[in-house]
Amino acid sequence: MICLASSNRNSAGPGGLADVNPVRSRPLVGRDHELDVATQALRGGATAAVLLVAEAGAGKSSLAESIAAALSGDFIVMRVHGSPSLANVPYGVLAPYLVDLPEDPTSSHIAILRAFWAQFERLREGRKQPLLLLVDDAHELDEATANVIVDLITANWAKLVASARPRPGLPAPMMQLWYDSLAERIDLPHLGKDDVGKICGNLLDGPVLASTVQFLWAASEGNPLLLNCLVEDARAAGTLAKRNGIWILHGPLASDGPALTGFVRNQLLRRTPQERDALTMIALAEPVSIDALEDDFGVELLQNLVESQLLVASGGGGTLRLRHPVYAEAIRSMVSASRSLQLHQQLAWRLEQQQGSEGALLRRVAWSLESGVKVPERQLLRASVHAARTFQNDTAISLAARLPDGPAKAHGQLAVTRAHFNAGRYADAGRAFAEAARALTETAAPDNGNGRAARRKWTGGAALLRLLLEQSMDEVPPAGHDSGELMARLLSLDLAGDFDALARLLEEPGTSASLADDGGSARAFLLALRADLLRSQGDPLQAQVLAKQAASALDMDPEELFFYPEFVLYRKVAAALDAGDWAGAEEDLSGYEAQSGAGLITFGGTVQYFRGLSCLRQGHYAEAFSLLRPAVEMLRLNDPQQLLAQATAMAAYAGVRAGESGSARTLLDGLGGTRGSGPDALLAEVFAAAAKEALDRDGGGLQRLQDLVVGECGRLPAGVELQALSLWLELGSAAAAQRTVERGGAMSGAWASAWTRFATARGSKDIRTVLSSGDYLRALGQMRLARDCYSIALSLSEAAGERAAARQAAAGKDACELALGEKKAAPAAEAPKARAVQLTRRERDIIALAASGLSDRQIADKLMVSVRTVEGHLYRSYAKLGIRSRDELSPPAP
């Protein structure tokens, strides 16, 4: 199903009226529940109208058309569209239906009703179906038209589907239908991430990288029409592109694309000139203090924009910004340079007095430059660094290019280095780094009163960036007293997997002392490395503790350019996966996705890689392949943590186990001699060997796994060794069982415990031992291992004639196969259907209040209706529920 969610006005005439012929509705995504509620309500006898309320672009019109399509066999549909140009013209939108009226049609309300109904009788051409009236943009109706439509409904001449925005909302006569329980009101929520993924897949006719879906969901805030605009513009700009069958967003969204700017321009045209001026000024300078805006626009106008959900408060409530960031970007792209300069001059002196965040500084610097206003060197540098740290790569490069020659220019080149690194342009990043290093050696450090701190910024995070940019690890950087060189040496040992040397260097007394003045980031860096060390030694549970401490210790200097948060995230998730804490790993990954914004364009492949590894270790091969195959394509574009080799080998193994042998072979051939880097780099060789054996079954892969385990005995990191042993076992090698028991038993965490238990059961002939192992593994969620244990127990039980044990083993095996999707559940016997009770939403509200013990008067006061109205609702509800008094009431199901 695909949801385009744009208002379908192709059939409407200039007066806002459409013909009666049903048009094909665009199918919906994420609105199935609302569609069912609406159609059932309108088919029932109690509900005369369905009122759809949501912001612009949320899918009201598409849902209304889908309702009409679903009811096309039961009703004849007529359409009316509200129009802002006719909002003050009585009966203006009904004019095409009122051709038989006398010269002064407004003189008689009854004449309007009769003329409208006569037109309907002619149009339905003798058909007997009742009328269903679709009213789009009902908030734009004039009062007289709204009264005519409501009279049609209350006279039982027609039923109604009306859509409107929350502000100004539905006309009062239509709201009265809801108050009187004649209407069902449906407020449409924003679409969820899964729904956005389905829409993107349908729009692009192919799978979309999960991190791309996450980014588009966050940018559109689940608004279907806004999502369509973003996808259309990104595709046209080439930043949303297809790679080997997978759609990947590899650059920023196009804020000046025709679809987005057209949508935003249409929204602005619905506002007053003063409101447009306020929105434009805030978009250019956001966030802007409320005090500064009140002088020019007044409190009432600003409050109206907040209530219309165009503005939101920020900075503790003292400033305002656009609610949709993409709205702000689109508005900025539409403002001319002369108008921008005029507004800048109007607001500049107030902005100078406003203290704000680094993000606010970046926006003000960018606006000043767009207006031709000179910006101080220090502000330019700060803005460039912040842009690089927040993945606004083109902006960072552009700002740094404006810096004059000197120390600031040299430091600006570090921001350029990070920006190119973010974008996966590693050669450009290397050249920028070389230029920065050369300039910094030729110029004196800026006299900022804290030369030592400035030097640390250069030698700490910048040195780590330099190390990651090096193409070869053949030469480890020499040790030195400089904190940056020390950090680079520590990282080089970690990336090379030389954990013995890393342990010695970490334990040297001078290591912690040398980094003591480098703040929370240096402490987090050391804790993260110690977590890697503990993982390599077989204690991922304690590694998790240290990695969490590292995350808590992070205290990012606003001028720090190394990606410490992502560096620590890797260690947190890797420790969780080695410990078998799948839920903890997913919590960390989801948390990063939710707050990283454009960082997903750089680190989305890393997130996908870890999710794929988690599925592999749980035995979900098809799901792992669906995650890892796109991860490979993303990492080919952007691989900041050098995971491409590992991801490719994992995808190949998952593919062959999931039945995708052709894709697995292609991936394995493409891997060639590519080697990974990092503390888990040897996973690439482990999975490549396993994938080769699973494909060829010639013993070559098994031999390579044996060489890795036996030949590297004592030198493989514990998690990598257990992974190799588990694959060795999965491929049918009994020789791996005893070593798995030994190595797994010495390693902490549920993952090691699961493989130890499985290896023990595999070599056991005791039925009870094998059955209990199956139960244990099933409780851990290791369904594939549990299934294999139950299969062994079943064979042993049948051979021994143990029928009870055989039944238990067979039941466990079936349950595991069901959980793995390898077996379908038997269809359940159909329960007798209870009589459906059709209560309106207002009736349900009143029944709930009455069941809670409120009197009729109390209910009337709470709902702001008359006592007589409450009594009427209760009377009708009793009849529907088959009861006679309040004493028999129980709250209705929601």
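1. A cavity here is a set of points, on a 1 Å grid over the protein atoms alone, where a 1.4 Å probe fits but cannot get out, and its lining residues have an atom within 4 Å of a point. Grid points are joined across faces, edges and corners, and a volume is the space filled by probe spheres set on the points. Searching the whole structure with these rules turns up eight cavities of 30 Å³ or more.

2. Before going on, please keep in mind that this is a predicted model, where local features need pLDDT of at least 70, side-chain atom pairs count only at pLDDT 80 or more, and totals for chains, interfaces and linings use all residues. Residues are numbered from 1 along each chain as its sequence is written, and side-chain values use heavy atoms, with hydrogens and water left out.

3. The largest cavity holds about 120 Å³ of space. Its lining has 14 residues, with Leu468, Leu495, Phe567, Arg571 and Gln641 nearest the centre. Two or more lining residues come from each of α22 (483-496) and α27 (564-579); helices are DSSP runs of H or I, at least four residues, and strands are runs of E, at least two, numbered from the N terminus. The biggest share, three residues, belongs to α27.

4. Arg243 has Ile246 of β8 as its bridge partner. Two residues separate the strands, and Asn244 in the turn has a positive phi of about 50°.

Definitions and conventions. Two strands pair if DSSP finds at least two bridges between them. On a 1 Å grid over the protein atoms alone, a cavity is a set of points where a 1.4 Å probe fits but cannot get out, and a pocket is an open set with protein on both sides within 12 Å along at least five of seven lines; lining residues have an atom within 4 Å of a point.
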